[in-house]
Amino acid sequence: MEGRYSLVERVAALLADEQGTLRKEAPYRVALCYPSPYHVGMSSLGYQAMYREIHSHPGATAERAFLPDDVEAYRRTRTPLFTFESQAPVSSFHMLAFSVAYELELSGLFSMLELSGIPLLKEERDERHPLVVAGGPLTFSNPDPLEPFVDVLVQGEADDLIHVLLEAAASMEKDALLTHLASIPGFRVAGRGGQRYHVAKASDARLPARSAIVTPHTELRSMFLIEPERGCSRGCHYCVMRRTTNGGMRTVPPERVLSLIPEHAKRVGLVGAAVTDHPRIVELLRTLVDSGREVGVSSLRADRLTQELVDQLRRGGATNLTVAADGASQRMRDLVDRKHSEEQIIRAANFAKTAGMRQLKVYNVVGLPLEEDVDIDELARFTVELSKILPVALGVAPFVAKRNTPLDGAPFAGIREVEGRLERLRRGLKGRAEVRPTSARWAWVEYMLAQCGPEAGLAAMDAWKAGGSFAAFKRAFQERNCQPYLARRVEDGRRRPTEWPRVENVAPHYV
């Protein structure tokens, strides 16, 4: 009992530091699950938005559950996974609703189901078990690997669909419910239909999504998150949020954004796929900073930055400027339709220096199809040039093709090839910039989950059971015969489109 008590105490301490925690008695109870630890989940605007929406539904209430920081402590003390608000067992709720951000969170989902005493495979569950639902950013691309484990997939923006789901789930038996949901666009029920790769679009009345809870124990430290815009009007080939996904960019007037920020919020994060494309972003920033608040902005676009905008960010507490280049060279940026130039990134660096910022963070990608050594050399040369203006931290991620993009079905460059390019980049930089790469091995695992079907989810389960190492994933993918295939490549949209290479189009039986 002492072991369980310490786990409950840890949750109680986190709750005590929250502002905005929602509590409500209602007949239909949802355990809102995030398959990563608390500090990650509470930094997710989508997760917080679902918490708010469920509580706004008249017949439902939500309590939160997260992947524990120490899963082994729960196993060792035989403590069932419990919710934060009431410390009730997750298995006692009517519904488990998972918000899954990206492919590698599958392992967290398995651990949470195991700790709840709920069978992983949906076919092994019956009427005694809660309904298991999944949505979140992963459903914008390829939720196929989730199919063996969830009863229902909510695909795309769930702001409206969550109410449809709650209304039906509270009044129908499971079998009838699954048949009913399969007939509604936005829901996918394996074996019963539902449009694959559908991306639902929320009504404008639901915008903007915003935090329900502010807590110091997140990646973003006591920051209230709100979206001044949703979606993107651009066509970058690697991005699942490109303009064709579900209607491009929708903006929220600054007056509405400001009216929804609570007085107690001293730090505000403006979140979206293309925040600096908002036509009134400088005005919104200035008003927030003038009110004495710190402000952070996601998705800064180098071609949209001005000295005034960067000055407002600095006034709002920013000490680093972060931009994404997303292409090792100008040739690669042009191929992926990433509309900015070296000159614009240099100009952004000078804005940051003038504003008194300490560092420039640049995100980039290596391993795109058609990329050559000369492109990596250009990245090294250009980064050295930037470092003469401000110290540079270069974040480098191996390219992973996603569904619902013009690069769907493109091959993975290869682990050795990516590692070789990273080494070439480091040599070219000669220590002039800090390089922060993500793992080529785990990028390949992400690629397999992003480009395969439900059998890749079963392989992930096998790998998780075997300890979750890279070797376990590699073996499981082989044993389950997971083959990447072209499923949903959307059009380039330009007069002279880029012809990307693709893997052999093997059409599995479930497509």
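Four bridges join strand S14 (residues 392-398) to S15, and the two run parallel. Strands here are DSSP E runs of at least two residues, helices are H or I runs of at least four, and both are numbered from the N terminus. Within this pairing, Gly395 has Arg436 of S15 as its bridge partner.

The model is predicted, so local features need pLDDT of at least 70 and side-chain atom pairs count only at pLDDT 80 or more, while totals for chains, interfaces and linings use all residues. Residues are numbered from 1 along each chain as its sequence is written, and side-chain values use heavy atoms, with hydrogens and water left out.

How confident is the predictor? Over residues 507-511 the pLDDT is below 50. Beyond near neighbours in sequence, that stretch has nine contacts in the model. Contact means heavy atoms within 4.5 Å.

Now return to the strands. S14 and S15 belong to an open sheet of four strands, in the order S12-S13-S14-S15, with parallel pairing. Two strands pair if DSSP finds at least two bridges between them. Strand S12 (320-324) and strand S15 (434-437) are the edges, each pairing on one side only. From one strand to the next, the twist averages 20°.

Another open sheet has six strands, in the order S2-S1-S3-S4-S5-S6. Its pairing is mixed. Strand S2 (60-66) and strand S6 (187-188) are its edge strands. Inside, strand S3 (residues 95-99) pairs with strand S4 (residues 131-135) in the parallel sense, over five bridges. Phe98 stands opposite Ala134 in S4. Helix H7 (residues 174-182) packs on this sheet. H7 touches S4, strand S5 (152-154) and S6, and its direction makes about 25° with that of S4.

Next, look at two helices. The axes of helix H3 (residues 45-56) and helix H6 (residues 161-169) come within 10 Å and cross at roughly 45°. That angle makes H3 oblique to H6. Axes are lines fitted to C-alpha atoms, for helices over the stretch in contact, and angles run from 0 to 180 degrees between N-to-C directions. Angles under 35 degrees count as roughly parallel, over 145 as roughly antiparallel, 65 to 115 as roughly perpendicular and the rest as oblique. On the H3 side, the contact is made by Met50, Glu53, Ile54 and Ser56. H6 contributes Ile162, His163 and Leu166.

Notes. pLDDT = per-residue confidence, 0-100.
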